[in-house]
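Please look over the briefing that follows, which groups its points by topic and is meant to be read alongside the sequence and the coordinates.

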Amino acid sequence: MVSMREIAKKCHVSVATVSKALNGYHDISQETKEMILKTAEAMGYYPNSSARALKTKKTYNIGVLFVDEAMSGLTHDYFNHVLESFKLEAESRGYDITFTNRNVAKRWMSYYEHCKYRGVDGVVIACVDFYAEEVQELVRSEIPVVTIDHTFDERISVVSDNVQGMEALVTYIYEMGHRKIAYIHGDDSAVTRNRVASFYRTARELGLSIPDVYVRQSPYRDADGAQEETAQLLNLSKPPTCILYPDDYAALGGINEIRERGLRIPEDISVAGYDGMEVAKILRPSLTTICQDTAVIGRLAAGKLIDLIENPKMTLIDKYIVRGTLFKGNSVKKLPERPL
C-alpha cells in the first residue's frame, strides 16, 4: 500500500503538505494540491478509512432510511431515481452510504441505535411513516438529518412541489375541455394532503364543483387498489370524463379496468398519473403525468446533508422546493367546449 511518506518523497514536499492536499485543506497552493493529487492517483494511493476517521472525527458514511409500505425497496419507480442521484452526489464528495434498518445480526435496534452502531455522519430519511416514534427519535437526535418529501421544524427538507404539480395537471385537463374530473389519491401523508388541497383549490379557481364520490383513496403504487376504485367511478350514473391517479404505477391498474370494459383511452375516458416514470412515456397512448425532478431532489438532499455535516454553523436550516414538469402525453382527450 502506498503511503503518504512515499508520495511526499515523489513530490519533494513534506508529509504534512501531502496530508493537507489529500484532506482538502486550503492553506496550500492550488498548484501544489493538484500536483499531489495527481501523483497520489498515479501511484495508486487510497486513504485508510479507519485512520481518516480517527483524524477527522468523521466516518464519511451517510445513513439512508427508506422503508415504503409496499416493500418495493429499490424497485420503487420514484425513490430509486432519487436515491441513485443522492448516491452519486454523496460519492462525488467522498462519502459512502449505508441503508438503515432495525435488524443487525438478528438483533433488533431502533433506527437511531443503528445509526449510532454504524457511526454514520448523517442520515437522509425518505418514504417512511414520519410520525412513527422511532423516526421521531432519530429526527430529534444529535445526528444531522435531511428529510425528503416531509418537513420537520429545525431540520432541512427537500420536497417536490406537489402543490404546483397538481395545479399544472388539473389546469391542463381543464383546458382540454374536461369538467368531470375524478381523483384517486394515495394514503394520508404530507404529500397526499398537499396534492389533495391543491386539487380542490385549483378546481375552485377554475369554477369546478367536485362531487365527493369523485375523490377516492387507494395506496400509492397499488395497481389492484386503483383498479377497484376505477371500477367504482365507472359504475356511477354520471362517471367522470378524466381520472387522476396517485402515481403512474397505480394508473396501470386503472388502465387495466378501463380496457377490460372495452373502453378506449382517451376516446372514451381520459386518465393521468403522477411521478413521470419511464413506462408513462412508452405506454400507448403515452400517459399524461407530472415528471418530478428526481435528479435535483437527490443531488440537493445529499449536498445539503454533507454541508450540514461539514459546516453545521454555516448551513441554513430550510425547506428546499423542487418543481416538476408537465408531460402532456396522449391520454387526455381534447373535448369540445360545452356548458357545465
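## Overall picture

In this predicted model, buried residues account for 49% of the 340 residues in the protein chain. The protein chain holds 13 helices and 14 strands, and its C-alpha atoms fill a box of roughly 85 × 45 × 35 Å when the box is taken along the principal axes. Of the contacts in the protein chain that link residues at least 6 apart in sequence, 69% join residues at least 24 apart.

**Helix 2 and helix 3**

- Helix 2, which spans residues 15-22, packs against helix 3, which spans residues 30-42, with the two axes 9 Å apart and at an angle of about 90 degrees.
- Because an angle from 65 to 115 degrees counts as roughly perpendicular, helix 2 and helix 3 are described as roughly perpendicular to each other.
- On the side of helix 2 the contact involves Thr17, Val18, Ala21 and Leu22, and these residues meet Thr32, Lys33, Ile36, Leu37 and Ala40 in helix 3.
- Sorted by class, the residues in the contact of helix 2 with helix 3 comprise 6 nonpolar, 2 polar and 1 charged.

**Helix 10 and helix 11**

- The axes of helix 10 (residues 223-234) and helix 11 (residues 248-260) come within 7 Å of each other, and they cross at roughly 45 degrees.
- That crossing angle makes helix 10 oblique to helix 11, and the crossing of the two helices is right-handed.
- Helix 10 contributes Ala223, Ala226, Gln227, Thr230, Ala231 and Leu234 to the contact, while helix 11 contributes Tyr249, Ala250, Gly253, Gly254, Asn256, Glu257, Ile258 and Glu260.
- The residues of the contact between helix 10 and helix 11 divide into 7 nonpolar, 5 polar and 2 charged.

**Strand 5 and strand 6**

- Strand 5, made up of residues 122-126, pairs with strand 6 in the parallel sense, and the pairing runs over 4 bridges.
- Val123 has Val145 in strand 6 as its bridge partner.
- In a regular strand, side chains alternate between the two faces of the sheet.
- Strand 6, made up of residues 145-148, is covered on both faces, with Val145 and Thr147 buried on one side and Val146 and Ile148 buried on the other.

Technical notes: Residues are numbered from 1 along each chain as its sequence is written. This is a predicted model: local features need pLDDT of at least 70, side-chain atom pairs count only at pLDDT 80 or more; totals for chains, interfaces and linings use all residues. Side-chain values use heavy atoms; hydrogens and water are left out. Axes are lines fitted to C-alpha atoms, for helices over the stretch in contact, and angles run from 0 to 180 degrees between N-to-C directions. Angles under 35 degrees count as roughly parallel, over 145 as roughly antiparallel, 65 to 115 as roughly perpendicular and the rest as oblique. A crossing is left-handed if the near helix is turned anticlockwise from the far one by less than a right angle, and right-handed if clockwise. Contact means heavy atoms within 4.5 Å. Ala, Val, Leu, Ile, Met, Phe, Trp, Tyr, Cys and Pro count as nonpolar, Asp, Glu, Lys and Arg as charged, and the others, Gly among them, as polar. Buried means under 20% relative accessible area, exposed over 50%, partly exposed in between (1.4 Å probe, protein chains only). Two strands pair if DSSP finds at least two bridges between them.
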